[in-house]
Amino acid sequence: LRHCLRNATSPKGRGKSLTATFLALPLGELSPQVTERARMLHRSEFMQQYLEAGKVVTTHGVRGEMKLELWCDGVDFLKKVGRLYPSAQGGKAYKILSIRPQGQMALLQLEEVSDMDAARALRGQVFYFDRNDATLPAGRWYVADLIGCEVRDADTGKVYGVVTSVDHPGAQDIYTVKAPGGKEYMFPGVDAFLKERNPPEGYILVTPIPGLLDDDFDSEREEE
């Protein structure tokens, strides 16, 4: 699911002085490297406002119901959201009249979509929800907010790379991290490794076992 909620520890305010230095000048006047760093540290200003809820795959019946492939936390989540948008930039809001599960899908009825022809016209449409319409439990983030976060060692500050995906194949999340050199590593999203998630400031703190996120452990041990 593309926008499942994920547990997170509360932000600890790291990097504030660096951020303030960057923001003393307009972003356009900074070098590309500094601009990108400033954007990452102030990701809260660039986080997606409208997140994918799902995609209409076909119609259902003759009264405008549609079968929605869910890309979020499910039917109960969308009931609370209450409305959907046709674009990643928002656009016209469609009030959700009803939504109910059907297997791995959902049957969705939107206001002003009252017959098969209107529903058929929306086949293939990706719908979005406004993050302001959703109330997250304390310490929870959307997967979309975690993508692109810098992964740092909680003890040493070493940067391992950036998060490129968060998957949920079983009982726990699996994070994929792309290192600066291009190699990808995976680690489980469990408390033993994950110490802090802070998407607004663009970082995740981890305490990985040796060799989990880099190939340096063996060479370092040999040097010792």
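Let's start with Gly54, which counts as buried because its relative accessibility is 0%; buried means under 20% relative accessible area, exposed means over 50%, and partly exposed is in between, with a 1.4 Å probe and protein chains only. Before we go on, please keep in mind that this is a predicted model, where local features need pLDDT of at least 70, side-chain atom pairs count only at pLDDT 80 or more, and totals for chains, interfaces and linings use all residues. Residues are numbered from 1 along each chain as its sequence is written, and side-chain values use heavy atoms, with hydrogens and water left out.

So, where does Gly54 sit? Its place is in strand S2. When I say strand or helix, I mean a DSSP run, numbered from the N terminus: at least two residues of E for strands, at least four of H or I for helices. Which residues is Gly54 in contact with, leaving aside neighbours within four places in sequence? They are Leu68, Glu69, Leu70, Trp71, Gln125, Val126 and Phe127, where contact means heavy atoms within 4.5 Å. Look at Trp71 in particular: it is 17 residues from Gly54 along the chain, and the two C-alpha atoms are separated by 4.5 Å.

Now let's follow S2 to its partners. Two strands pair if DSSP finds at least two bridges between them. S2 and S3 run antiparallel and are joined by six bridges, with His60 opposite Glu65 in S3. Their hairpin has four residues between the strands, and there Gly61 takes a positive phi near 75 degrees. S2 also pairs with S7, again in the antiparallel sense, over five bridges; here Tyr50 stands opposite Asp130 in S7. S3, in turn, is joined to S6 by four bridges, and those two run antiparallel. Glu69 has Met105 in S6 as its bridge partner.

Next, the nonpolar core. That term means a set of buried Ala, Val, Leu, Ile, Met, Phe, Trp, Tyr and Cys residues joined through side-chain atoms within 4.5 Å. The largest one has 26 residues, and Leu84 and Phe129 are among those with the most contacts inside it. Which element gives the largest share of this core? Helix H3 does, with four residues. Leu84 touches, among others, Leu78, Tyr94, Leu108 and Phe129, not counting residues up to four places away in sequence.

On to the rings. Rings of Phe, Tyr and Trp (its six-membered ring) pair if their centres lie within 6.5 Å; planes under 30 degrees apart count as stacked, over 60 as edge-to-face, and the rest as tilted. A search of the whole structure finds five aromatic pairs. Tyr94 and Phe127 make an edge-to-face pair, because their ring centres are 5.7 Å apart and their planes are at 80 degrees. Since Tyr94 lies in strand S5 and Phe127 in strand S7, the pair ties together parts that are 33 residues apart in sequence. Phe127 is buried, with a relative accessible area of 0%, and Tyr94 counts as buried at 15%. Ring pairs also link Phe77, Phe129 and Tyr142 into a cluster.

Finally, have a look at another open sheet, with six strands in the order S12-S11-S10-S9-S14-S13 and mixed pairing. Within it, S9 and S14 run parallel, joined by four bridges, and Arg152 stands opposite Leu205 in S14.
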